[in-house]
Amino acid sequence: MADVRDAIESLREDRPDADDALREVLAADAETNAWEFDDIDIETGIFGELVSRGIVEQHNGGYQLTDPAAVEAAVSGDESDLDTHADDSDNATADIPSIGAVYALQSISRRHFVGGVLAICLVIAFRLVSLPSVYQSDYVVLLANDPYFYRYWLFDFITSSRHPLVVSEGIQVGEPLLLAALQVTTALLGGTPAVAEQVLAWYPVAGAVGSALAVYWIARRLTDDYRVAIASVVFLAVIPAHGYRTLLGFADHHAFDFLLLGLTFASVVSFERASITAVQDLRKRSVWPWIFLAGGGIGAHVLAWSAGALLLLPLAALAVARALAIVKHETTIAAMGPLLISTTFGGIIAYLGHTVFGWQALYMVLPPLLLAGGIALLSGVAALARQQEVGVLATLIGLV
């Protein structure tokens, strides 16, 4: 069936390990017409993909392949076995189970969508508990003292004739990108004091939603399970530290930092999942948007907060782990390519923000470039250790 073949092709594009899973279920299907999940040796994530895409269907209390011939042709690389010129009666008969598979796929997708939306609504609901405290009579009362610092500079922008991307000298070192984002948003929505009050009140909630979407994406990419992704958002909704700092009216820099952090690491997870093991793998068009998004997030980090470089420490740890993996699994240093490129790109963005707009001190924008240099050095150590057949422990000492 054409829809099953399309689903198999799509799965193989998304999952490098798809062929192994397809061979496993094909062998189980050849032994019996109704097998259980325990009878096969594949992960739950990819098995869920097989079911959700209609490649595997329920049958007699177990499972079976919807179209074994299509699976066999896909894993063998020979699609000539498939009869693509069957007469209309054969096609009509073949379409009957495909309709059921499509309906099942739509049903599962609908449940995932509804579950994700409800999880996001839960995030928003917990951020609105401060509503009575923020909206008092005709006033918008911000939570805590620090948000009034940004309120002062945002109202200074409203009363001046500055371009939205130009921040006052009083905040050029600190959180200039945050204020620029607030200024641009306020200008787009009308540029009045009333609009500025609403932007300050609601920006943390928007940051919470953005970071929740990033958590959903990260969990989905790491586990290949929609249920884990939805549960991750639910847990984020009730984490006190995140909830408090993204409350309605808590217009500090934290919500913006959470948003940038989520964007950066969602992008890093995405290009790491692309399984770059050789230089030619970098030709994949799908990996480059994630590399540049990660770089944009890295550069934005250090421009948005004076201590934003601290948020890059996990990337340094990832570089060490990736270097050790190169030695252990004897892969090429091309695996370090996406992280090195994204960090370099982020460093360039941060430096341009400093030189063009005067944002941050020079020592604040250099860490991404220094990190890129460190990653390049780690790559060299890993390549040398692999060439000399040095063990992982000795390589770790060399990396340190």
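Serine 137 counts as exposed because its relative accessibility is 74%, and the cut-off for exposed is over 50%. The model is predicted.

**Serine 137**

- Serine 137 sits in a loop.
- On one side of this loop is strand 3 (135–136), and on the other is strand 4 (139–140).
- From the C-alpha of serine 137 to the C-alpha of alanine 181 the distance is 28 Å.
- In sequence, serine 137 and alanine 181 are 44 residues apart.

**The largest pocket**

- The volume of the largest pocket is about 730 Å³.
- The largest pocket is lined by 25 residues, and those closest to its centre are Glu13, Asp14, Arg15, Arg221 and Arg273.
- Three helices each supply at least two residues of this lining: helix 1 (2–14), helix 3 (44–52) and helix 9 (193–223).
- Helix 9 gives the most to the lining of the largest pocket, namely five residues.
- Sorted by class, the lining of the largest pocket has 13 charged, seven nonpolar and five polar residues.

**The largest cavity**

- Searching the whole structure turns up one cavity of 30 Å³ or more.
- The largest cavity has a volume of about 30 Å³.
- Its lining is made of Phe271, Glu272, Ile276, Arg322, Ala335 and Pro338.
- Four residues in the lining of the largest cavity are nonpolar, two are charged and none is polar.
- Glu272 and Arg322 are the charged residues of this lining, because Glu and Arg count as charged.

Technical notes:
Residues are numbered from 1 along each chain as its sequence is written. This is a predicted model: local features need pLDDT of at least 70, side-chain atom pairs count only at pLDDT 80 or more; totals for chains, interfaces and linings use all residues. Side-chain values use heavy atoms; hydrogens and water are left out. Helices (H or I, at least four residues) and strands (E, at least two) are DSSP runs, numbered from the N terminus. Buried means under 20% relative accessible area, exposed over 50%, partly exposed in between (1.4 Å probe, protein chains only). On a 1 Å grid over the protein atoms alone, a cavity is a set of points where a 1.4 Å probe fits but cannot get out, and a pocket is an open set with protein on both sides within 12 Å along at least five of seven lines; lining residues have an atom within 4 Å of a point. Grid points are joined across faces, edges and corners, and a volume is the space filled by probe spheres set on the points.
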